[in-house]
Every structure is written in structure tokens, then in C-alpha cells.
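Hi,

Here is the structure I promised to pass on. Have a look at it first, then read my notes below.

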Amino acid sequence: MATEYDIIEVFEITGRGVVAVIAETTERNVRVTHNAEVVTPNGTVLKTEAFKQFLHRRQRTPVEQEVYLLPSLHKPDVPVGSRLRFLD
């Protein structure tokens, strides 16, 4: 059964790929290849592999958010309003 999450922020790491930030915390394992799709607002579906990481931000209080590295995509591929769909 596929599950989808709103992508709330996207940035690219040169040589590594796109990092998609989601608002939710999932039970998915870190350092495991997850089969996924990015669904853009216009309905385009891009197949990719996703690798779970954690984003640490230093503010007044530390913030930790779940992110997924999408090595086969570039930032223009994932516009605002896209969703990350897991197939496994």
C-alpha cells in the first residue's frame, strides 16, 4: 500500500541529489533504499529511490526533521506542492 507525504521544502546537494523535507515522522529505516515516486502538482510522476536522513537545524531550540535524499532528481524536478509517495 502506497503512502504519500507533502514535501514542505526542497534543496539540492551538488553531486548527491535532491533533499526533500517532509513534515511527518515515519517508521521507515535510515540507510535503506526505499522505492518511491514524486508526484508533482501537475500530476507528473517521477520514479526514484529515497534514502531517509535527518535534518538538524540549530535555532533557539534544536529542530530535527525527517528528510529523504532523492539522488536521481534535481531541484527543478520537484516543484512546490509536490508529494513523496512510497511504494514499499
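Accessible areas here come from the Shrake-Rupley method with a 1.4 Å probe, and for residues only the protein chains shown count as cover. On that basis, the accessible surface of the protein is about 5,500 Å², with 50% of it belonging to carbon and sulfur atoms.

Two notes on the source. This is a predicted model, so local features need pLDDT of at least 70 and side-chain atom pairs count only at pLDDT 80 or more, while totals for chains, interfaces and linings use all residues. Residues are numbered from 1 along each chain as its sequence is written, and side-chain values use heavy atoms, with hydrogens and water left out.

The protein has zero helices and six strands (DSSP runs numbered from the N terminus: H or I of at least four residues for helices, E of at least two for strands). Of its 88 residues, 36% count as buried, meaning under 20% relative accessible area, with over 50% being exposed and partly exposed in between (1.4 Å probe, protein chains only).

Now the rings! There are two aromatic pairs (ring centres of Phe, Tyr or Trp, with its six-membered ring, within 6.5 Å; planes under 30 degrees apart are stacked, over 60 edge-to-face, the rest tilted). Tyr-5 and Phe-86 pair edge-to-face, at 5.9 Å centre to centre and 65° between the planes. Tyr-5 is in strand β1 (residues 3-13) and Phe-86 in strand β6 (residues 83-86), 81 residues apart. Tyr-5 counts as buried because its relative accessibility is 16%, and Phe-86 is buried too, at 0%. Together with Tyr-68, Tyr-5 and Phe-86 form one aromatic cluster.

Cheers
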